[in-house]
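I opened the model to look up its domains, its pocket, its ligand and its backbone. My notes follow the display.

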Amino acid sequence: MTVSVANSMNDLIALCKRRGFIFPSSEIYGGLQGLYDYGPLGVELKNNLKNAWWRSMVYERDDVEGLDSCILTNKLTLRHSGHEATFTDPLVDCRDCKSRWRADHVNGKCQKCGSTNLTDPRPFNMMFKTTVGPVVDEESYAYLRPETAQGIFTNFKNVLDSTSRKLPFGIAQIGKAFRNEITPRNFIFRVREFEQMELEFFVEPGTDMEWHETWVETRMNWWKEQGLSSDNLQVLHQKPEDLSHYSKATVDILYRFPHGLEELEGIADRTDYDLGSHSKNPEDMGLSAHVSPNIDSTEKLSIRDAVSNKAVVPFVIEPSAGVDRGVLAVLTEAFTKETLENGSERIVLKLKPHLSPIKVAVIPLAKNNPAIVEKALQIKKDLQKLGLGRILFENTGNVGKGYRRHDEIGTPICATVDFESIEQTPASVTIRNRDTTAQERIEVSNLVNYVRDFYQTQS
Ligand code: ATP
């Protein structure tokens, strides 16, 4: 048997469309560039990845709270955060064919017509603006958030007051973010609407560098638990000239996507920049060196130090991961083409079982046999109660085809219900394993335990 992995984005795009993971958005109207919709399997995969993150960031720790803040954001939040002034990419125009490019993506040459007759780069703000309420005037605008982080900072005091947290502690959030990317590309890698999984971890000033290192290691390990191999992961310390306006140091976790080694997650030391910037009169708190006066806020975003009883503005470490880039990475890693001994080809998505969109496919051997169908439906119902995720009743009547389909979408286990399942005592089903293709018979009365044990030991 020979094995090859996804070496072209086209393999993945084709699989995603064919099997219902990801579709171009508004496709029947010609699409809208940089926007994708998640189909029946994509939504399961994406939810499983987000749940794994939430579990490890919130439930398995004792120092993190969750939050779900609004997408529409007060313009003052994004003015004082620095995004109105500095959240820009360098834009160049091709004077010959009139197309527009991100300057650092084109190497001085138009990607469409090859001309070098480009304008000088000028800053292009990537935030989407919209109006709020029935009156449209100069002042009625708001933004779609470009990162989920600002909702965490503006709720810092609410969370603190309602939970009595002490440093260090974090606030986690998963949600949509919007960026008007100049050149969206590489499938779901660079899009205009995406999801982020962000943690803002508040620490004592002076302990931030140590925490930064800890979080880089924690996050690398988590990506490995999602099935990404060490060979395809790399850590990059950003050069000082590349840092965002709020960052003292940023480490990127890079993944070897089909189009190259690129950022999957960024882990930034945002210092006291954000809490300071959103505080009323930050200069009163000794922060005038790097934040501007704020006459709009009503709060000072600080925490009382238990020992000195002084107000401290915490430093913040931010692991910020893209959900869509995460989905692309786990799909890239899992995609496998095997050439079997008989010369036929098998495509298998070797996803970690906890990420698989379908946990078990229950397949009746004969789709027109009412007793077999009824038994299969009962088994599906019983397995569904385990709460593992989606159990699929797959009534296509062709077991071989069913196995192939479930290999391609990464279903770890198929359970085939046949005549022995209804006629013999004890009743049994055939269990087929995705990775080994091995089959074994399991008594129906043991099936729930078998599946539970499988997921407990595999995930
Ligand atoms: P890039 O340099 O690739 O534009 P960035 O450094 O601007 O990304 P951050 O602001 O650090 O990205 O955002 C945190 C995470 O959000 C990124 O690591 C990435 O996973 C995700 N992300 C950012 N922009 C996009 C996008 N346009 N499409 C999909 N995911 C994105």
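These entries go from domains to pocket, ligand and backbone.

**Ground rules.** I am reading a predicted model, where local features need pLDDT of at least 70, side-chain atom pairs count only at pLDDT 80 or more, and totals for chains, interfaces and linings use all residues. Residues are numbered from 1 along each chain as its sequence is written, and side-chain values use heavy atoms, with hydrogens and water left out.

**Domains.** I found the chain divided into domain 1 (2-74 + 129-331), domain 2 (88-125) and domain 3 (356-458). These bounds come from an automatic or database domain assignment. The centres of domain 2 and domain 3, taken over C-alpha atoms, are 54 Å apart.

I looked up the largest pocket next; its volume is about 1400 Å³. A pocket here is an open set of points on a 1 Å grid over the protein atoms alone, where a 1.4 Å probe fits, with protein on both sides within 12 Å along at least five of seven lines; lining residues have an atom within 4 Å of a point. The volume is the space filled by probe spheres set on the points, which are joined across faces, edges and corners. I noted 47 lining residues, with Arg102, Arg179, Arg190, Gln238 and Glu263 nearest the centre. The lining divides into 14 nonpolar, 14 polar and 19 charged residues. Nonpolar means Ala, Val, Leu, Ile, Met, Phe, Trp, Tyr, Cys and Pro; charged means Asp, Glu, Lys and Arg; the others, Gly among them, are polar. Strand S15 (260-271) is one of the elements that supply at least two lining residues, and its 7 residues are the largest share. Strands (E, at least two residues) and helices (H or I, at least four) are DSSP runs, numbered from the N terminus. Where does the largest pocket lie? It lies between domain 1 and domain 2, because both give residues to the lining.

**Ligand.** I checked the 15 residues around the ligand (a heavy atom within 4 Å). Glu181, Arg190, Val191, Glu263 and Leu264 come nearest. For polar contacts I took pairs of N or O atoms within 3.5 Å. A ligand nitrogen lies 3.3 Å from a backbone N or O atom of Phe189. A ligand oxygen is 3.0 Å from a polar backbone atom of Gly322. An oxygen of the ligand is also 3.1 Å from a side-chain N or O atom of Arg325. Taken alone, the ligand exposes 590 Å², and the protein buries 85% of that (Shrake-Rupley method, 1.4 Å probe).

**Backbone.** I noted a cis peptide bond between Leu167 and Pro168, with omega about -5°. Pro168 sits in the loop between helix H6 (156-163) and strand S11 (169-178).

Technical notes
Polar contact = N/O pair within 3.5 Å; in protein donor to acceptor, adjacent residues only side chain to side chain.
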